[in-house]
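Below is a set of questions and answers on one protein model. Look over the sequence and the structure before reading on.

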Amino acid sequence: MELLDGSDPGAIGGYPLLARLGEGGMGRVYLSRTMSGRPLALKTVRAEFGREPGFEERFAREIRNSDRVRSPWTTAVVDYSPVGQRPQWLATEYVAAPSLAE
């Protein structure tokens, strides 16, 4: 987990960003929370992917499909960006991994 820096927004989709959890090929993942305090992993999509023809439809389809899966081994989709919003994002449940030191 890393502190936010000047390149990170303070909130996305109405969710406050608390820390950066990681970054990968698709975008950044932030620690956030709901209004009630429930922790979230808020995943953003890199701008260049959002500009690709058909990406927004594929992203929406992936969200719908992942939201259909109910399993103790998958995280539930909590919210996602409306069509046309940038950056595109997906909020899922966040469960911190246990420390190896525990």
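Q: In which loop does Pro87 lie?
A: The model is a predicted one. Most peptide bonds are trans. The bond from Arg86 to Pro87 is cis, with omega near 0 degrees. As for its place in the chain, Pro87 lies in the loop between β5 and β6.

Q: What is the order of the strands in the open sheet?
A: Strands of a sheet pair through backbone hydrogen bonds, either parallel or antiparallel. Here the sheet is open, has six strands and shows antiparallel pairing. Its edge strands, each pairing on one side only, are β1 (11–12) and β5. The order is β1-β2-β3-β4-β6-β5.

Q: Which residue of β2 is the bridge partner of Ile12?
A: Strand β2 covers residues 15–23, and two bridges pair it with β1 in the antiparallel sense. In β2, the partner of Ile12 is Tyr15.

Q: How many bridges join β4 to β6?
A: Strand β4 spans residues 39–44, and Lys43 lies in it. The bridge partner of Lys43 in β6 is Leu90. β4 and β6 run antiparallel, and the number of bridges joining them is five.

Q: Is Lys43 buried, partly exposed or exposed?
A: Leaving aside residues up to four places away in sequence, Lys43 touches Arg28, Val29, Gln88, Trp89, Leu90 and Thr92. Its relative accessible area is 33%. Buried means under 20% and exposed means over 50%. Because 33% falls in between, Lys43 is partly exposed.

Q: Why is β6 described as largely enclosed by the rest of the structure?
A: The strand has five residues. It is largely enclosed because the number of its residues that are buried is four.

Q: How far does helix α2 reach from its first C-alpha to its last?
A: Helix α2 covers residues 55–68, which is 14 residues. At 1.5 Å a residue, the expected reach is 20 Å. The reach in the model is close to that, at 20 Å.

Q: Over what arc around the axis do the buried residues of α2 lie?
A: The buried residues in α2 are Phe55, Glu56, Phe59 and Ile63. They are on the same side of α2, because they cover an arc of only 100 degrees. An α-helix has 3.6 residues a turn, so residues three or four places apart point the same way. The arc in α2 is 100 degrees.

Q: What angle does the direction of α2 make with that of β5?
A: The buried residues of α2 pack against α1 (47–50), β5 (77–80) and β6 (89–93). On the sheet, α2 touches β5 and β6. The angle between the directions of α2 and β5 is about 160 degrees.

Terms used
Residues are numbered from 1 along each chain as its sequence is written. This is a predicted model: local features need pLDDT of at least 70, side-chain atom pairs count only at pLDDT 80 or more; totals for chains, interfaces and linings use all residues. Side-chain values use heavy atoms; hydrogens and water are left out. Buried means under 20% relative accessible area, exposed over 50%, partly exposed in between (1.4 Å probe, protein chains only). Contact means heavy atoms within 4.5 Å. The expected span of a helix is 1.5 Å times one less than its number of residues. The arc is that of the directions from the helix axis to the C-beta atoms. Two strands pair if DSSP finds at least two bridges between them. Axes are lines fitted to C-alpha atoms, for helices over the stretch in contact, and angles run from 0 to 180 degrees between N-to-C directions.
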